[in-house]
Amino acid sequence: MISFPAMAASTRANSRRLFARAKRILPGGVDSPVRAFSAVGGTPPFIRRARGARLFDEDGGSYIDYVMSWGPLIHGHAPAGLTRALAEAAARGTSFGAPTTLEVELGLAVRRLMPSIERIRFVNSGTEATMSALRLARAATGRDRLIKFAGCYHGHGDAFLVQAGSGALTLGVPTSPGVSRAVAADTLVAEYNDLTSVERIFAKHRNRVAALIVEPIAGNMGVVPPATGFLEGLRELADQHGAILIFDEVISGFRAGPGGAQERFGVRPDLTCLGKIIGGGLPVGAYGGRQDLMDQVAPAGPVYQAGTLSGNPLAMTAGLWALSQLTPKLYRKLDGLGARLAAGLADAARQTDTDLHLNAHGSVLTPFFSATPIRNYQSARRADTAAYGRFFRGMLARGIYLPPSQFEGWFLSGAHSNPLVDATIEAAGATLRSMRRRAAPASASR
Ligand SMILES: *Cc1c(COP(=O)(O)O)cnc(C)c1O
């Protein structure tokens, strides 16, 4: 039987004190905005350690984790094989700033799984991957403009912070101050799952668009799978207009399946951006794709891009270990857990007359507090974020750690299990019932 251990520590006095202290040195108390819980209210537990599918906080509470470091931890927290490999690698030196076989091995492992990646460059984050891929696309086409989709998130590079998803959407600053007007003017925004909106932009900016970038399974306005024919249509439009098609598979890479969304949907992009799972929980990103494009990257070509810690031996070791464990059995398990969780949540919603729309793809899902289906940014924004906040706080008190925003995916890992999922469904039922009982619920506060 699974208990709800966090309930005992629900005041989280230590975490509250630590968060107040953090705010005196880190803006908002965090190093990445969504961690601060501003969209759901309350203060975040400070995490002391994690193991498997569980987080342990500084107040003696523990949680079943569905954030999983926002996607990277497909094998769970601190798997023994990984920590052993890292300890051995660290003993040989933590950084050399010189070539290693580890980078080559990881590159070959990626190419085996994603054959569209004929050449690859490792960087340190998804943000670096998308920024570099865009620079390359601009260089290769001699054009400046970029088409992205409202609600998609591609890291915090200036060009992408126009109608962006993830924390930008959560905090209500989808277009960030500090992005110059000139940069923002080169970013053209289309509507996800709407090919006509893309066609219209291409028609208006004929021969000016360098790249079309998309999350092939959107994950940063909550999970929004591509409609039938959407990705194929993007491939055709990019070809027709001589633009580079970039798949941002920072989430979907190695999660939608070993070969990512491009394998799942059978659409081959020109360039792919990777992050999250590829680093096994250490900071790694990568971009890669057609050889003729990648050979324009320095020093093979003139497009400059570099990194002091890129291809870092610890990070490459973690990535190699993570990719080596991507078995068919793992994906079968993840698909099973995802389906079980989605069905259980839908059931709990039905039993409490809650308007809930579940978007899911394999091991990542988002329950939207919405009466209507969510298929793009417009519809995602209609979700009831105050209801999500109440749900989030109820679940946290019951020992379930969910993404602190309506607009993020819940992530499963190989360390999750049917009993943990069932305990989560039970907690969701209890939370939804208590939300219903409260006739006039207070709205989420910042
Ligand atoms: C997380 C994410 C990024 C940014 O990666 P970082 O490592 O946080 O810089 C880019 N694109 C997508 C789709 C992401 O989910």
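The model is predicted, with local features requiring pLDDT of at least 70 and side-chain atom pairs counting only at pLDDT 80 or more, while totals for chains, interfaces and linings use all residues. Residues are numbered from 1 along each chain as its sequence is written, and side-chain values use heavy atoms, without hydrogens and water.

**Domains and interface**
- Domain 1 (13-65 + 327-439) and domain 2 (80-324) are given by the domain assignment of the chain, the bounds of which come from an automatic or database source, and their C-alpha centres lie 26 Å apart.
- Between them, domain 1 and domain 2 bury about 2,300 Å², 60% of it on carbon and sulfur atoms, where buried area is the accessible area (1.4 Å probe) lost on putting two parts together, summed over both.
- Of the area that domain 1 buries against domain 2, Tyr331, His361 and Tyr377 supply 32%, more than any other three residues.

**Salt bridge**
- The rule, a side-chain nitrogen of Lys or Arg within 4 Å of a carboxyl oxygen of Asp or Glu, finds one salt bridge across the interface of domain 1 and domain 2.
- Asp335 forms a salt bridge with Arg264, with the closest N and O atoms 3.8 Å apart.
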